[in-house]
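Open the model in your viewer and keep the selection panel at hand.

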Amino acid sequence: MTAPPKQARSVARLAAVQALYQMEVSSVGAEAVIREFADHRFDRDAEGGDMPLAAADEAFFAELVRGVVEHQKAVDAAVARKLATGWRLDRLDATARAILRAGAFELIHRADVPTEVVIDEYVELAKSFFEGPEPGFVNGALDAVAQDARR
């Protein structure tokens with residue numbers, strides 16, 4: 001099944017957030033998680049049903065996961081500079097942290113992807129995980145990171 005490029009990238013972003021979360025809570029390395037997603041999660045039927053999940057841009061997924069890990073210190077610093085006084089990145093929910101890291105990496109290192117696309121995609125992901133103020137927080141933080149990274 002071939003997904004349109006935009007949808008395949010959206011699925012890759014979701015998978016990257018899930019992978020980053022998994023890596024943080026289980027201390028599994030990037031290559032092991034990338035391999036697990038490639039072998040067991042992409043292009044699989046949803047819970048054994050007849051409807052296959054949308055295909056992911058697997059190369060983009062791997063680039064996001066590897067990029068966040070490779071540049072984590074700089075990515076975390078870019079996000080941390082935009083947090084309210086007294087807040088640290090490690091105080092955030094692990095899922096929110098994964099969303100911010102992936103979004104910030106993309107804003108800093110993927111200038112070919114329009115700023116609005118990056119922010120919109122990660123805000124939508126935040127909405128799928130959170131019902132409270134987190135999507136607005138993600139929007140504000142990533143917008144601020146973009147202003148620094150894409151002047």
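How many helices and strands are there in the chain? Colour by secondary structure: you will find 7 helices and 0 strands. This is a predicted model. Traced along the sequence, the pattern reads α-α-α-α-α-α-α.

Of the 151 residues, 43% count as buried. Now turn to contacts with a separation of 6 or more: residues 24 or more positions apart account for 71% of them.

Next, select residues 134-149. This is helix 7, with 16 residues. From first C-alpha to last it reaches 22 Å, close to the 22 Å expected at 1.5 Å a residue. Show side chains here. P135, V138, A141, L142, A144, V145 and A146 are buried.

Now hide everything but helix 5 and helix 6. Their axes lie 10 Å apart and pack at an angle of about 170°. Helix 5 is therefore roughly antiparallel to helix 6, since the angle is over 145 degrees. Pick out the contact. Helix 5 brings T95, I99, A102, G103, E106 and L107. Helix 6 brings T115, V118, Y122, L125, A126 and F129. Colour these residues by type: 8 are nonpolar, 3 polar and 1 charged.

Definitions and conventions. Residues numbered from 1 in each chain as written. Predicted model: local features only at pLDDT ≥ 70, side-chain atom pairs only at ≥ 80, totals over all residues. Heavy atoms only, no water. Helix = DSSP H or I, 4+ residues; strand = E, 2+ residues; numbered from the N terminus. Buried < 20%, exposed > 50% of the residue type's maximum accessible area, 1.4 Å probe, protein only. Contact = heavy atoms within 4.5 Å. Expected span 1.5 Å × (residues − 1). Axes fitted to C-alpha atoms, helices over the stretch in contact; angles between N-to-C directions. Parallel < 35°, antiparallel > 145°, perpendicular 65-115°, else oblique. Nonpolar A, V, L, I, M, F, W, Y, C, P; charged D, E, K, R; others polar.
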